[in-house]
Amino acid sequence: SCCASCGTAEGDEIKLKKCNGCHLVRYCSVKCQREHRPKHKQACKERAAELRDEILFKQPEGSHLGDCPICCLPMPLDLNVSTLQTCCSKIICPGCDFNDLRRAKELQVGGEAYGKCPFCRHAVPKKAEDFITNIMKRAEVKDPIALYQMGVHRRDEGDYSGAFQYLTKAADLGDAQAHYDLSCSYHNGLGVKKDKKKEV
């Protein structure tokens, strides 16, 4: 490679530096970069915009939420679009959930489109009470996701002390969302005394 301005080749004594904007061209000195700037400015802006778009729309390699257990793609960061299967405590991505619902409608019998869990194949509960029962069963075997869900359920009922206990157990088992909710509990003093140190 060589300097885009003066054409000096890179060697043991001369180290070229990339343009900070586009990373396409190299320069041997700040002086050469300044002299070449008028010619390079437009192309640099266009390439810099392309790089920003690549970073912005790039599919993330993963997050603390992990991958969908069915399609193995990274789970979306918006938890509201994913579906929790209470029978096995697996969180399914919206794509796999939609595909399972479509398949269930195609196979529906007697007008009912309730299918089976796309992961463990258990029947999907039809009543809200059945959802809570399934979560409690999973919580009894110390499933961190189920423990977290029970903590949220207790909090929604106004039982902040019970919610704190469930969230603590889930956090001890490594649930990231439970850690965050615990920090909020320490900050707001819900179910526990306010603690500035522990809320961080």
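## A chat about helices and salt bridges

Tutor: Happy to! Let's start with what covers the buried residues of helix 6: helix 4 (144-156) and helix 5 (160-172) are among the parts that do. Keep in mind that this is a predicted model.

Student: Which residues of helix 6 are buried?

Tutor: They are Ala178, Asp181, Leu182, Ser183, Ser185 and Tyr186.

Student: How far apart are the end C-alpha atoms of helix 6?

Tutor: They are 19 Å apart, which agrees with the 18 Å that 13 residues should span at 1.5 Å a residue.

Student: Okay, salt bridges next. How many are there?

Tutor: The structure holds seven salt bridges. Side chains of opposite charge can pair when their charged atoms come close.

Student: Which residue of helix 6 meets Arg155 in one?

Tutor: That is Asp181, with an N to O distance of 2.9 Å. Arg155 lies in helix 4 and Asp181 in helix 6, so the pair ties together parts 26 residues apart in sequence.

Student: Are those two buried or partly exposed?

Tutor: One of each: Arg155 is partly exposed, at 27% relative accessible area, while Asp181 is buried, at 5%.

Student: What does Asp100 pair with?

Tutor: Asp100 forms a salt bridge with Arg103 at 2.4 Å, N to O, and another with Arg121 at 4.0 Å. The Arg121 pair links distant parts of the chain, since Arg121 is in the loop between helix 2 and helix 3, whereas Asp100 is in helix 2, 21 residues apart. Arg103 and Asp100 are three residues apart in helix 2 (residues 94-106), so about one helical turn separates them.

Student: Is Asp100 buried or exposed?

Tutor: Asp100 is buried, with a relative accessible area of 8%.

Student: Switching topic: where does Leu147 lie, and what does it touch?

Tutor: Leu147 lies in helix 4 and counts as buried because its relative accessibility is 3%. Leaving out residues up to four places away in sequence, it touches Ala139, Lys142, Tyr166, Lys169, Ala170 and Leu173.

Student: Last one: which side chain does Asn134 join in a polar contact?

Tutor: The side chain of Thr86, at 3.3 Å. Asn134 itself lies in helix 3 (residues 128-140).

Technical notes. Residues are numbered from 1 along each chain as its sequence is written. This is a predicted model: local features need pLDDT of at least 70, side-chain atom pairs count only at pLDDT 80 or more; totals for chains, interfaces and linings use all residues. Side-chain values use heavy atoms; hydrogens and water are left out. Helices (H or I, at least four residues) and strands (E, at least two) are DSSP runs, numbered from the N terminus. The expected span of a helix is 1.5 Å times one less than its number of residues. Buried means under 20% relative accessible area, exposed over 50%, partly exposed in between (1.4 Å probe, protein chains only). Contact means heavy atoms within 4.5 Å. A polar contact is a pair of N or O atoms within 3.5 Å; within protein, one must be able to donate a hydrogen and the other to accept it, and residues adjacent in sequence count only if both atoms are side-chain atoms. A salt bridge is a side-chain nitrogen of Lys or Arg within 4 Å of a carboxyl oxygen of Asp or Glu.
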